[in-house]
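Please read the notes below with the sequence and the model open beside them.

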Amino acid sequence: MLEITGLTKRYGNGTVALSDFTLSLGEGVLGLLGPNGAGKTTLMSIVATVLRPTTGTVRWRGVDALGDPLAIRRELGYLPQDFGVYDKLTAVELLRYFGRLKGLAGKELKVAVDEMIDLVNLRPAANRRLGGFSGGMRQRVGIAQALLGDPKLLIVDEPTVGLDPEERVRFRNLLSELGHGRTVILSTHIVSDVEAIAERIAVIRQGRLVRCATPEELLAHAVGRVWRAVVPAERLGEVQRAVAVSNLTRRADGVHVRFVAPAGEPAVAGAAAVEPTLEDAYLLTNVEAAA
């Protein structure tokens, strides 16, 4: 349904935010995973037709979305990383405004807005001015506007920023349900945000697609490459220079260090192989890409 081919974005100062990025997507949830500055927001802005690439194409249902932006905008729900609101409007007023922009009117608009208010748990504050909303509440309004009109392509950029743990779990579950019958792109640098809901994960680094695979494939690749060792505190700096550490915990018997070793046997005495997590697999993918 969505075909991204050879996208490159080069800014006037010479910065290359994207480099020859190619990816094809069908229905379901894709987790776009990468550190801050990797090019995720640039990619999503181009797909949402907010930004034009230097080179490359985006096709939605076979139509050139860059040449004919309305082809994709009619079926798009988009939550940018920095979602601004009009402080003097209420949540209901803002959602009605966005609903009209999406072609909703009358009873259909009222029903859609009411559904979104309940979906993101904003009913008690629905008629309060947005200027008094917390960051998490504003984010929920942004999520609601993206879902208005039942979009077939949903793009959400760092959607759980500002949400408390309970809201984050609620939104993950919602995205998982929305993946049926539509294409969802979830961009984040938080592995746990995609771990439970994404059918595929695309790892992006320095503007390039490093790998696109299922969570199971990423985990399988990391088997035998994740290790744990207990080292004296005074040797911690040495170990951190020698291997890529995914986690460390200080205990009475020393520092418990978890790390990845792409080449297999680690250069840390007494290390034992452990079952990889998706966090380990993601770190390993980046380490291998940098090698």
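1. Basis of the notes. The model is predicted, so local features need pLDDT of at least 70 and side-chain atom pairs count only at pLDDT 80 or more, whereas totals for chains, interfaces and linings use all residues. Residues are numbered from 1 along each chain as its sequence is written, and side-chain values use heavy atoms, with hydrogens and water left out.

2. Overall make-up. The protein chain holds ten helices and 14 strands, where helices (H or I, at least four residues) and strands (E, at least two) are DSSP runs numbered from the N terminus. Along its principal axes, the C-alpha trace spans about 70 × 45 × 40 Å.

3. Burial and surface. Of the 291 residues in the protein chain, 48% are buried; here buried means under 20% relative accessible area, exposed means over 50%, and partly exposed lies in between, with a 1.4 Å probe and protein chains only.

4. Contacts along the sequence. When contacts (heavy atoms within 4.5 Å) are taken between residues at least 6 apart in sequence, 66% of them join residues at least 24 apart.

5. Charges. The protein chain has 35 positive and 33 negative charges, and their mean positions are 6 Å apart. In this count Lys and Arg are positive and Asp and Glu negative, while His and the chain ends are not counted; each charge is placed at NZ of Lys, CZ of Arg, CG of Asp or CD of Glu.

6. The whole structure contains eleven salt bridges, each defined as a side-chain nitrogen of Lys or Arg within 4 Å of a carboxyl oxygen of Asp or Glu. One of them joins Glu75 and Arg61, with the closest N and O atoms 2.9 Å apart. Glu75 lies in the loop between helix 2 (70–73) and strand 6 (76–79), and Arg61 in the loop between strand 4 (55–60) and strand 5 (63–64), so this pair ties together parts that are 14 residues apart in sequence. Glu75 is partly exposed at 22% relative accessible area, and Arg61 is also partly exposed, at 45%.

7. Asp150 and Arg182 form a salt bridge in which the closest N and O atoms are 2.9 Å apart. Asp150 lies in the loop between helix 5 (135–147) and strand 7 (153–157), and Arg182 in the loop between helix 6 (165–178) and strand 8 (183–188), so the pair ties together parts that are 32 residues apart in sequence. Asp150 is partly exposed, with a relative accessible area of 43%, whereas Arg182 counts as buried at 10%.

8. Further salt bridges. The side chains of Arg235 and Glu238 meet at 3.4 Å, N to O; Arg235 is partly exposed at 26% relative accessibility, as is Glu238 at 43%. Lys110, Asp114, Asp118 and Arg123 are linked in a network of salt bridges.

9. Four strands with antiparallel pairing form an open sheet in the order 2-1-4-5, and two strands are taken to pair if DSSP finds at least two bridges between them. Strand 2 (16–25) and strand 5 stand at the edges with a single partner strand each, so one side of each is left without a neighbour in the sheet.

10. Strand 1 (residues 2–10) pairs with strand 2 in the antiparallel sense over six bridges, and Lys9 has Leu18 in strand 2 as its bridge partner, while Arg10 has Val16. The two strands form a hairpin with five residues between them, and Gly14 in the turn has a positive phi of about 95 degrees.

11. Two single residues. Which residues does Ser45 contact, leaving aside its neighbours within four places in sequence? They are Val50, Leu51 and Tyr78; Ser45 itself is found in helix 1 (residues 40–47) and is buried, with a relative accessible area of 11%. Val63, found in strand 5, is partly exposed at 33%. With neighbours within four places again left aside, Val63 is in contact with Val58, Asp68 and Ala71. Val63 and Glu3 are 60 residues apart in sequence, and their C-alpha atoms are 9.6 Å apart in space.
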